[in-house]
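Student: I would like to go through the terms used for this model and see what each one rests on.

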Amino acid sequence: MPGKPIRTALVTGNSSGLGLGLTRVLMREGAAVYGLSRRGCPEETAGDVRVDLAQYEAIAPAMAQLLDGVESLDLVVLNAGLLGQIQSMQEADIAELRQLMDVNVWANKPILDHLLAHGIEVGQIIAISSGASVSGNFGWSGYSISKAALNMFVQLYAHEFPDTHMHALAPGLVDTAMQEFISDAVDLERFPALKRLKEARGTDAMPDNESAAQQILGSLARLRDAPSGRFVDLRDLS
């Protein structure tokens, strides 16, 4: 990875998928990784606390336990998130929409507030967003809404982290359990925008979690050239 080496990192949702890929790549590069996830990271990391990020009141104590004695972090990746159901907005249950907002957006608030309140120096913050936050394709419903809200959440918090590079990042297609669900359990005839995702599985257009993690980490220096607070699609970085 070009640029300054990452010595310390916090990754949420690192029990599987992209978060686990990021954790493994960072550790191979010599970083001490701290993680928050519901199921716990299968790797032996510098620190790991299990917490259900849908339980808002449990997050601040988990952060205090996880980062006790930590004074700085080179990188924070707010990766934890839920897909929810692929469905029309009319079909979407309000309780599910609230849960998506709780996990995909509001769970990040006590995390960032802890960093600010305890004066933990942070070099760079990335919130994993999605192209679905701007495309508005039929079926993405609560996922699109929550990721669009996450983009603005990052833009607003960037004012409160003036010395930190902070972005909402769409990583592109990543072959995770989410893609498996879309390919196998979703009616692609009813939601044709998702057909390209099924077609991309097993190709270079949809890398596995560790390959995608390497692409993200390799883009950090270029990402810092973009104004802090912006939404950036990784595929648009030259």
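Predicted model: local features only at pLDDT ≥ 70, side-chain atom pairs only at ≥ 80, totals over all residues.

Student: Why is Gln87 called buried?

Tutor: Its relative accessible area is 11%. Buried means under 20%, so Gln87 is buried. Gln87 sits in the loop between β4 (72-78) and α3 (94-106).

Student: What does Gln87 touch, not counting residues up to four places away in sequence?

Tutor: Gln87 touches Ala92, Glu96, Gly139, Trp140, Ser141 and Phe191. Touching here means heavy atoms within 4.5 Å.

Student: What makes α3 and α6 a helix pair in contact?

Tutor: Residues of α3, among them Leu97, Leu100 and Met101, meet residues of α6 that include Tyr143, Ile145 and Phe153. By class, this contact has 10 nonpolar, 3 polar and 1 charged residues. The axes of α3 and α6 (residues 141-157) come within 9 Å and cross at roughly 30°.

Student: Which hand does the crossing of α3 and α6 have, left or right?

Tutor: The crossing is right-handed. That term applies if the near helix is turned clockwise from the far one.

Student: Which residues lie nearest the centre of the largest pocket?

Tutor: They are Gly81, Leu82, Leu83, Thr176 and Met178, out of 47 lining residues. The space in this pocket is about 1300 Å³. Its lining divides into 21 nonpolar, 19 polar and 7 charged residues.

Technical notes
Residues numbered from 1 in each chain as written. Heavy atoms only, no water. Helix = DSSP H or I, 4+ residues; strand = E, 2+ residues; numbered from the N terminus. Buried < 20%, exposed > 50% of the residue type's maximum accessible area, 1.4 Å probe, protein only. Axes fitted to C-alpha atoms, helices over the stretch in contact; angles between N-to-C directions. Nonpolar A, V, L, I, M, F, W, Y, C, P; charged D, E, K, R; others polar. 1 Å grid on protein atoms, 1.4 Å probe; cavity = no way out; pocket = protein on both sides within 12 Å on 5 of 7 lines; lining within 4 Å. Points joined across faces, edges and corners; volume = space filled by probe spheres on them.
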